[in-house]
Each structure stands twice: as C-alpha cells, then as structure tokens.
Amino acid sequence: MWKISKKKEDPGGKEEQKLDATEQPDEQNLTPWQKENLEYLKTQGDQPSWSPSLVSDEKEEQEEELVEEAEIEDEDAPSEEPVPEEKQKKTYESFADRLPKIKKVRNKRLYRRLTLIVSVFLIAIVIVLYFVSPLSKLGNIGVTGNEAVDSQKIIVQSKLEKGKSLWEQFGDRDIYEKKIERQLPRVKKATILLSGINSFNIKIEEYKVVALESIENVFHPILENGKILPEEMKAPVSGMPVFQNFKDQSIIKNLMNSYNKLPEDIKQNISEIRYAPSNANKELINLHMKDANQVIVNISQLEEKMAYYTKVASQMEKPGIIDMEVGIFSYPFNNEPAEEGVEESSQPVDQS
C-alpha cells in the first residue's frame, strides 16, 4: 500500500506535505529526476513533498498499463515495416528546405496556365484573320469527268460565285449540285469537292447516249435514262440503233428500261427499232437486226424473248422474220408463218 504523509497547518495558513519519519527515500530506486529534485531540496534544507514509493508504484502501474495497451494494439493492428531513416529525415525537413520545391511546382503550374491562355488567344486571332483574308473566299472552280458537256457551261449552271464565302457555298453544295443536274440533261451526277486552299472541283458523271431518234432525217441523241436531247445531228452515229416512229416520251422510257438489260452482243446487232403498234397491242415494236433478220416483240417482253434470238437465228436457213409476240415463230420474208421455230419456254437458252 502507498504511504502518504499527513498534512499539517503552519501558523501562516500554508500546508506542507512531509514524509513520515520512518520513511526515508531509497536513492537506488529513485528515477533520475527524483534524484535531482532530492539533491536540490537537500541544498535548500527542505524535505521532498513526494513519496518515492508512491511515485515509483504509480510509475510502475502506468508502465504496466502502457505495456498491456501496446500489446493489445500490436495484436489488432497489422504489422508495419520499420520506417527507413531516410524517410524519417525527409519527414523532418524544414520549411526552408522545401521552399524551392514549392516555388518550382507553382512556377510550372503558372507556365502551363499561361501557355493555355496564350494558345487560345492565338487560335482565335488566326481564325479571325483567316475569315477576313482572301483565303476564305472562293477563288477558283474546276471541272473533271465531263466529256460531252462543256466545263464553262457546268460552272455557269452551278451558280457558284467567285469572291464569296468559300465555306458558306460549300455548306450549300447540295443546292448547287441539284442545279447542275436539273439544267444539264446529260449530267447524271454532280459532286462539289474542296480542291486546294480556296478552290472547288466539280466532279461530273454523264449519261451515256445509247440510241438516236430519227425525225425527218434529223437525228436526236437518246440517253440511257430514255430522255431525248434537243441536239440535232445530220448523220447517225455508228453502232447506235435508230428509233423510228416514237411520238410518246413515256414509251421510249419504257423501251430503254428493257433495252439496257439486253446482253451487249444483242445490242450491237440491233440497227433500228421501229414502233409498230396494232389495234390490239400498243406495245409492239420491230427490231431490224444487222444480220438481216426482223424481230416482232412486245416492249415488256423484250429482255425475256430476246434471250432466244441467237438460237432461233442459227436454225434459220435464210434471213426472215422472227415473231415473238405470242410464242416464238420464224418464217421467210413475204411468206405467211407456216411452222413454229421454237416453243416459248421459261428456261433461258444457252447462247454459246
């Protein structure tokens, strides 16, 4: 048990704690600070106001409690590796040592922000200068892919204007392309592309002329889409069939839809196509072939029936008429159809 000296009141009203006469400090069990304090009190002629046994017991108990708490914490907490001395030294670096690093980081961030701001301003200035300069205006227009249509005519019909905003006209290029296709029948497709810094290139795809219409010995080109051009020609073009007696544009368009599907060798063998309707059939046409034969066929059945032409023609002893209106018959010129040449069949005939 701890022993504490009793308090006595002095005449002045002050209290002083003293050790019992029986208790003498054991200097061997004293801590360094207790020894120093004891030496000081001896020089002053006073007694210590603390009990060595009390302080020692309290210290031992506190140390035991601290050891127990430390052991509990060591059991619960994960094991930690010892901190290297270099890291401890860095932890205790003074603010004066870290000041240059802080300044360097701040300067680096400042330079980055300044560079970003300057770059944004420079880009804005360049854009403004570009739009007020001649480079943003349309300076030149070129045409490629055209053969029959004049380049200058295409440029005029496009309605593109030099000296006006390049990007505004390029954004509306669909409108200018439609103008070219609408005003020039030979143009199948027009495409406006950027060419160079401030130039346009108009790429043209033209319709092919596949036949000629003959009206009073004047020939007019017929395009692959069935449209007849107002251009006049005094003589037919070699290799193109001549259309005769067609007065309705819609009939020519229907005929061209079937004609374009024919094999190329059959096309090359046709010299003339004459519209020859009857009271009962408004679709009849006569094909004059270059091998001297004549074919009677319906426009709607042109592709299907002409697939048998080569086989039927090879079985004929001399040139004549091949009637494909109903079935397929062949007979000589100036004779009535006497016998059937080939039965109509839904199966294609090998033309080899």
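With which residue does the side chain of Glu272 meet in a salt bridge, and what is the N to O distance?

A: The side chain of Glu272 meets that of Arg274 in a salt bridge, at 2.9 Å from N to O. A salt bridge here is a side-chain nitrogen of Lys or Arg within 4 Å of a carboxyl oxygen of Asp or Glu. The model is predicted, so local features need pLDDT of at least 70 and side-chain atom pairs count only at pLDDT 80 or more, while totals for chains, interfaces and linings use all residues. Residues are numbered from 1 along each chain as its sequence is written, and side-chain values use heavy atoms, with hydrogens and water left out.

Glu272 is buried, with a relative accessible area of 19%, whereas Arg274, at 32%, is partly exposed. In these terms, buried means under 20% relative accessible area, exposed over 50%, and partly exposed in between (1.4 Å probe, protein chains only).

Across the whole structure, a search finds four salt bridges.

The helices (H or I, at least four residues) and strands (E, at least two) are DSSP runs, numbered from the N terminus. Arg186 counts as buried because its relative accessibility is 14%; Glu231, at 37%, is partly exposed.

Another salt bridge pairs Lys188 with Glu205, with the closest N and O atoms 4.0 Å apart. Distant parts of the chain are linked by this pair, since Lys188 is in strand E4 and Glu205 in strand E5, 17 residues apart. Both partners are partly exposed: Lys188 has a relative accessibility of 36%, and Glu205 one of 40%.

Strands E4 (187-194) and E5 (199-206) are also among the elements against which the buried residues of H7 pack, together with helix H5 (151-158) and helix H6 (166-171). In helix H7 (residues 173-183), the buried residues are Tyr176, Glu177 and Ile180. These three cover an arc of only 100° around the axis, which puts them on the same side of H7; the arc is that of the directions from the helix axis to the C-beta atoms. An α-helix has 3.6 residues a turn, so residues three or four places apart point the same way. Asp174, Lys178 and Arg182 are exposed on the other side of H7.

The loop between strand E6 (209-215) and E7 contains Glu216. Although Glu216 is not a glycine, it has a positive phi of about 55°, and at 76% relative accessibility it is exposed. Asn217 lies in the loop between E6 and E7 as well; it has a positive phi of about 60° without being a glycine, and its relative accessibility of 64% makes it exposed.

Conventions. Contact = heavy atoms within 4.5 Å.
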